[in-house]
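Trainee: Could we go through this model together? I would like to begin with the terms.

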Amino acid sequence: MPTREHPWTRPPGPGPWTRPPGGHTSGAHRPLRQPRPAAHQDRRPRKIAFADELPSRARPDAQRPPRASPAPDYELKYPPVRCERGRRCYAAVFRDQYWELLELQKEVESTQAKLGQLEALLRTLPPARNQKEAHMAAYIWRALEKKWMDPAFLDKQARCRYLKGKLRHLKTQIQKFDDQEDSKGSVYF
């Protein structure tokens with residue numbers, strides 16, 4: 001049985017697999033490497049790997065199907081409640097992370113308020129009268145933008161959004177369970 005080499009492996013040096021100078025090949029795929037004559041091939045058996053078995057980083061120019069936005073991990077980790085014990089566990093997680101959310105939310109809102117006040121103050125400044133004032137104003141604006149884009153601040157905002165979604169999900173699951181339990185004990189006439 002003939003062996004097959006991976007089409008995405010390239011030997012060093014120029015060849016038909018390289019791109020022309022100046023960039024891309026006008027939407028066409030790169031030509032595949034030509035197989036070596038039988039006299040030059042190794043006698044070792046080669047493993048054939050199919051495209052779906054390869055990690056995505058091994059195929060950089062492969063077309064990837066568009067993915068729908070993935071469900072948050074808490075939707076998978078916390079399915080609908082089935083028993084009273086599960087309800088108590090969900091409620092305990094909710095209480096524990098609710099306090100974390102409150103502290104985090106207070107910190108984020110405080111930082112946003114301070115940065116908003118500073119921005120409003122900077123907008124009320126009169127125009128610069130000389131070069132030094134203009135440089136100073138530009139420096140302060142850059143510092144303000146840097147604070148808004150600070151990775152620690154952005155991480156806190158992202159964590160806050162995540163916790164809000166998770167707690168909303170837990171609360172919904174608990175309420176659905178409670179509604180089911182109430183309807184089981186209800187008598188309708």
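Mentor: Buried means under 20% relative accessible area, exposed means over 50%, and partly exposed lies in between (1.4 Å probe, protein chains only). This is a predicted model: local features need pLDDT of at least 70, side-chain atom pairs count only at pLDDT 80 or more, and totals for chains, interfaces and linings use all residues. Residues are numbered from 1 along each chain as its sequence is written, and side-chain values use heavy atoms, with hydrogens and water left out.

Trainee: How many salt bridges does the structure hold?

Mentor: There are 5 salt bridges, each a side-chain nitrogen of Lys or Arg within 4 Å of a carboxyl oxygen of Asp or Glu. One of them joins Asp178 and Arg87 at 2.7 Å, N to O.

Trainee: Where in the chain are Asp178 and Arg87?

Mentor: Asp178 is in helix α4 (residues 151–185) and Arg87 in helix α2, 91 residues apart, so the pair links distant parts of the chain. Helices are DSSP runs of H or I with at least four residues, numbered from the N terminus.

Trainee: Is Asp178 buried or partly exposed?

Mentor: Asp178 counts as partly exposed because its relative accessibility is 25%. Arg87, at 22%, also counts as partly exposed.

Trainee: Which residue forms a salt bridge with Lys156?

Mentor: Glu107 does, with the closest N and O atoms 2.1 Å apart. Glu107 lies in helix α2 and Lys156 in helix α4, 49 residues apart.

Trainee: What about Arg129?

Mentor: The side chain of Arg129 meets that of Glu133 in a salt bridge of 2.9 Å, N to O. Arg129 counts as exposed at 73% relative accessibility, whereas Glu133 counts as partly exposed at 29%.

Conventions:
Helices (H or I, at least four residues) and strands (E, at least two) are DSSP runs, numbered from the N terminus.
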